[in-house]
Structures are given as structure tokens and as C-alpha cells.
Amino acid sequence: MDLPIIATLGSHSALQILKGAKDEGFRTLLLAERGRVKFYRSYQFIDDIQTIEHPRELLAKAEELVTRNVILIPHGSFVAYVGGEKNRDIHVPYFGNKAVLDWEEDRTKQAALLHAAGILTPRHFAADERISFPVIVKPHGARGGKGYVVARTPDELDRTRKRLQGEPYVVQEYIIGVPVYIHYFYSPIRERIEIFGFDRRYETNVDGLSRAVGGKIKGNTDPSFVVVGNFPMTIRESLLPEVEAAGEAIVTASRSLIDSRGLFGPFCLETIVSEDLKFYAIEISCRIVAGTNPYITGSPYSALLFEEPMSTGRRIAREIKEAIAQGRLSTVLS
Ligand code: AMP
Ligand code: AMP
């Protein structure tokens, strides 16, 4: 059988995904918006680029992509710009379980999954509940921290609630600690969880406020959380067993809550670690996260599991290759 073509949208982690696919021997295809085509042409591991006007054009191209034997690899831009509902309508072989999309989009469902896995989460507040400590208000949908608001007092929270009327959001306790984003890969082919690495985000303006020279700079000091990039990191080795167990617990819980296939492939548990070393999970992303981009040539942790440079993007392609070799491709696709 001819190997399928690995394709994705030109953004987020596309370079990592297609480089990884090429390293595993696949042909690669990128669907890129007009203004980005020139940029992506610089990379020789991208065999073919198709120009699109908007990510949603993916749906109109489905028939052609199926004829070309394409497998799509979803990333953050799929839900952000195509929309969860429309992702379900993309009738092209798609890596991962589409049933997890509902859980990716809906923060209340995310909290239920984390709860079922026995993972600590910040306290959530009901619509009319008064707060006695700072909270963070998060509209639904993958937005890279855009639109989050911190409310320190009940009055501040009331104002935010009024402004968001009609829009779905959650109100979470604001955890003081450090952000640690955990990258996992669950392989249904090897039936094992793999810790792929860790990152922390670089967010504007919250990461800039600490540089605002001891309050001497006047202006708006309300924190915002718009992601600009990511730092690579490692964590204390003594915390790793707990991290591994959390990943396993999420996969197990997803099989009873979502469906029998549950969550597989790459996913990320986004945590804030408090001073008593508790991991508070603030969110879960059920797909590759851009925080894996610092590790296009592999991470310190993937180096422990593989004898070669292994990014998360390459790991996805390896899973597809192994599934094909065992005649089990449908196991990893939706
Ligand atoms: P983009 O295509 O860069 O606009 O990103 C698609 C979605 O993923 C948006 O919701 C972004 O906020 C999010 N995103 C992009 N890059 C990162 C990153 N480095 N870390 C976390 N989220 C990101
Ligand atoms: P998220 O989009 O949920 O990954 O959150 C984006 C950023 O918002 C995180 O990197 C944190 O800086 C901040 N954040 C989100 N939720 C909380 C929380 N409950 N407590 C403290 N900071 C948070």
C-alpha cells in the first residue's frame, strides 16, 4: 500500500508536524493562507502547498484530499479557526478521536474529565456565587489566553460577568504558583503513556508586569494572558511518577466518560504548581500543543524513550506508520 500523505493547516505546530512526517518517510502537504505561502516554501520537507483563503476552506477540499489519500493532523488552529462543530464535518481521515472535540471546547466538560481522573483543579464558581479571593474568568474555546480576566473583588467580578452576558465562560480560583504544561502522548498501538516534555508559556502582559520597574511605570496594570511563545523546561525528577500517573488516569477516565477509544495521541495537561508542590490542572488540550515546538529535535524526556530525535509531530507520524504496518490504521483515525 502507498503511504498516505500527511497534511495540516499552516499555523501553530505545522512545521513540527510536517518535519516529523517527512522524517518518518511520508509525503507532506500544507494548506496555507495566501499571505503565508512564501514563508512555508522555504522548508524543503514540505512537498506540496495548497493556497487557501481561510482555514474553513478545508471542508470544501475534502473530496480532493480523500482522493489523494491524505491524513489530516489537527492542531490548535483547527478548533480556533475551523470550529469544533465543523471539525466533525471534515470527512477526511483525521488523526485522533474526534469525540474528544466536545471536551476540548467546553471547559465544564474538561473539569468533569479531570475530576473523574482524580486530578486537582482550581475551585470553580457558580454564576451568582460571591468570591472571597481572586479568580480568573475564562470564556470557552481555544484562545491562547486571549480574553481572560482576573477579578480580585466581588465588584470586579460583577462587572466582568455583566460584560460577558450571553457568552459561555467559567470562573476559576486564581492559583498562585508557577505554570507547568505537561506534554503527553498515549499510544494505542504500543498501549503506553509517554511523557514528552514540559513547557511554560510566555504571556503578554502578565510576564511583562514583573518588569514594570517596581510600580514606577504608570498605566493599566491589569494582567492579560495572551500567549507569545514558550520556554522549554524540566521538572524535579521526584515529581515525574506523579506526572505519569496523572496522564494514565486521564486516559482511563476518558474511556469511561467519552467513548471506548477515549483520548489518544498527544495531549497536554496545563497546570499551575503551588508552593506545596500540588499540581492544579487549569485546562486540558486534547491534541498537539504549540508548547512542544521548542522540541522539534526532541526533548530531554523524549531522548530517554527514543534512540533518535523524536518530536511530538514525529511521534504522531511514527504511530501512523506502526498502525499501517500492523494493519490497524483505523485504530488511530476518525
Ligand atoms: P495561531 O494559528 O497561531 O493563531 O494559533 C491557533 C490557536 O492556538 C490560537 O488559539 C492560539 O492562541 C493558540 N496558540 C498558538 N500558538 C500557541 C503557543 N505557542 N502556545 C499556546 N497556544 C498557542
Ligand atoms: P490556559 O489558556 O487555561 O492554559 O491559561 C492561560 C494562562 O492563564 C496560564 O498560562 C496562566 O498564566 C493563566 N491562568 C489560567 N488559569 C489560571 C488559574 N486558575 N490560576 C492562575 N493562573 C491561571
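Modeller: Start with strand β2, residues 27-33. It is mostly covered, with 5 of its 7 residues buried. Buried means under 20% relative accessible area, exposed means over 50%, and partly exposed is in between (1.4 Å probe, protein chains only). Strands (E, at least two residues) and helices (H or I, at least four) are DSSP runs, numbered from the N terminus.

Some ground rules. This is a predicted model, where local features need pLDDT of at least 70, side-chain atom pairs count only at pLDDT 80 or more, and totals for chains, interfaces and linings use all residues; side-chain values use heavy atoms, with hydrogens and water left out. Residues are numbered from 1 along each chain as its sequence is written, while chains are lettered from A and ligands numbered from 1 in the order in which they are written.

Now the neighbours of β2. Strand β1 (residues 5-9) runs parallel to β2, and 5 bridges join them. Two strands pair if DSSP finds at least two bridges between them. L9 stands opposite L31 in β2. Between these strands the chain passes through helix α1 (residues 14-23), and this β-α-β crossover is right-handed. That term means that, with the strands pointing away from the viewer, the path from the first strand over the helix to the second runs clockwise. Strand β3 (residues 48-52) also pairs with β2: 5 bridges, parallel. There, D48 is the bridge partner of L29.

G10 sits in the loop between β1 and α1. G10 counts as buried because its relative accessible area is 5%. Its C-alpha atom is separated by 9.7 Å from that of T51, 41 residues apart along the chain.

Next, the ligand site. There are 16 residues around ligand 2, and Y148, Y181, E203, E270 and E283 come nearest. A residue is near a molecule if one of its heavy atoms lies within 4 Å of it. By class, this shell has 9 nonpolar, 1 polar and 6 charged residues. Ala, Val, Leu, Ile, Met, Phe, Trp, Tyr, Cys and Pro count as nonpolar; Asp, Glu, Lys and Arg count as charged; the others, Gly among them, count as polar.

Which atoms of E203 and ligand 2 lie 2.5 Å apart? They are an N or O atom in the side chain of E203 and an oxygen atom of the ligand. The side chain of E270 also has an N or O atom 2.7 Å from an oxygen atom of ligand 2. I175 uses its backbone: an N or O atom there lies 2.8 Å from a nitrogen atom of ligand 2. Taken alone, ligand 2 exposes 480 Å², and the protein buries 97% of that. Accessible areas come from the Shrake-Rupley method with a 1.4 Å probe; for residues, only the protein chains shown count as cover.

Strand β7 (residues 149-151) joins β6 through 3 bridges, antiparallel. I136 stands opposite V150 in β7. β8 pairs with β6 over 5 bridges, also in the antiparallel sense. Here V135 stands opposite E173. P139 is buried because its relative accessible area is 1%.

Most residues other than glycine have a negative phi, and most peptide bonds are trans. T204 and N205 are joined by a cis peptide bond, with omega about 10°. N205 lies in strand β10. E191, in the loop between β9 (178-187) and β10, has a positive phi near 50°. E191 is exposed, at 61% relative accessible area. L277, in the loop between β12 and β13, has a positive phi near 60°. L277 counts as partly exposed because its relative accessibility is 34%.

One last contact. N97 is in the loop between α6 (84-88) and α7 (101-105). N97 is buried, at 8% relative accessibility. Its side chain makes a polar contact with the side chain of D259, at 3.0 Å. A polar contact is a pair of N or O atoms within 3.5 Å; within protein, one must be able to donate a hydrogen and the other to accept it, and residues adjacent in sequence count only if both atoms are side-chain atoms.
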